[in-house]
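Reader: Please walk me through how to read a helix, a pocket and a core in a model.

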Amino acid sequence: MDRILISACLIGRPVRYDGAGKLLADPRLDRWQAEGRLVPLCPELLGGLPVPRPPAEIVGGSGADVLAGRARVMTATGEDVTAAFVAGAEAALDLARSGGCAYALLIDRSPSCGSLDIYDGSFSRRRIGGAGVTAALLAAHGLSVFADREIDGLAEAVEIGRRREPDAG
């Protein structure tokens, strides 16, 4: 049974930069949790950042650029937190691998977890297309990454995966 790495804030855990959760109320999440399929995480906490913490954005590119050393993750107060974001992404990848995760459901617009949109690094609430550091690393290593607003696509992928299981072997 493939498991799903999930942003802990999406199941209501108060791990976001502002100390809140961002609960994604969906009966499929409840079912997957009951089945033991969800592996919750917050890459920023795994990277050693506290709750609450100053908001951060990627400056100079996307998550892939951060991983390649071409961009930085900076807080609104000017602190470079790139190392914590990279460490959190690497810990998330380790957790995905050890937890048997084939999929990830991550909160969009986050400098860690965004997979469709991230903020542009100007702290002006302007969004650009792109992935955060963790989403980019997970996708580069073969996980199917879905944004929270793509839960229907994730559910379809999970169901297809489930139908294939009896044919395996």
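Reader: Which residues of helix 4 are buried?
Author: An α-helix has 3.6 residues a turn, so residues three or four places apart point the same way. In helix 4, the buried residues are Thr82, Ala84, Phe85, Val86, Gly88, Ala89, Ala92, Leu93 and Ala96. Buried means under 20% relative accessible area, exposed over 50%, and partly exposed in between, with a 1.4 Å probe and protein chains only. Helices (H or I, at least four residues) and strands (E, at least two) are DSSP runs numbered from the N terminus. This is a predicted model: local features need pLDDT of at least 70, side-chain atom pairs count only at pLDDT 80 or more, and totals for chains, interfaces and linings use all residues. Residues are numbered from 1 along each chain as its sequence is written, and side-chain values use heavy atoms, with hydrogens and water left out.

Reader: What span does helix 4 have, and what follows it?
Author: Its 17 residues reach 24 Å from the first C-alpha to the last, close to the 24 Å expected at 1.5 Å a residue; the expected span is 1.5 Å times one less than the number of residues. Gly100, with a positive phi near 70°, follows helix 4.

Reader: What does Thr82 touch?
Author: Thr82 lies in helix 4 (residues 82-98) and has a relative accessible area of 5%. Not counting residues up to four places away in sequence, Thr82 touches Val66, Arg72 and Val73, where contact means heavy atoms within 4.5 Å.

Reader: How is the largest pocket lined?
Author: Rolling a probe the size of a water molecule over the atoms shows where empty space is left. Here the largest pocket holds about 660 Å³ of space. Its lining has 34 residues, with Arg16, Tyr17, Arg109, Ser110 and Pro111 nearest the centre. A pocket is an open set of points on a 1 Å grid over the protein atoms alone, where a 1.4 Å probe fits, with protein on both sides within 12 Å along at least five of seven lines; lining residues have an atom within 4 Å of a point. Helix 2 (43-46) and strand 3 (56-59) each supply at least two lining residues.

Reader: Which residues touch the most other members of the largest nonpolar core?
Author: In soluble globular proteins, nonpolar side chains tend to be buried together. Trp32, Leu105 and Leu138 do so among the 49 residues of this core, a set of buried Ala, Val, Leu, Ile, Met, Phe, Trp, Tyr and Cys residues joined through side-chain atoms within 4.5 Å. Helix 4 gives the largest share of this core, 7 residues.

How values were computed. Grid points are joined across faces, edges and corners, and a volume is the space filled by probe spheres set on the points.
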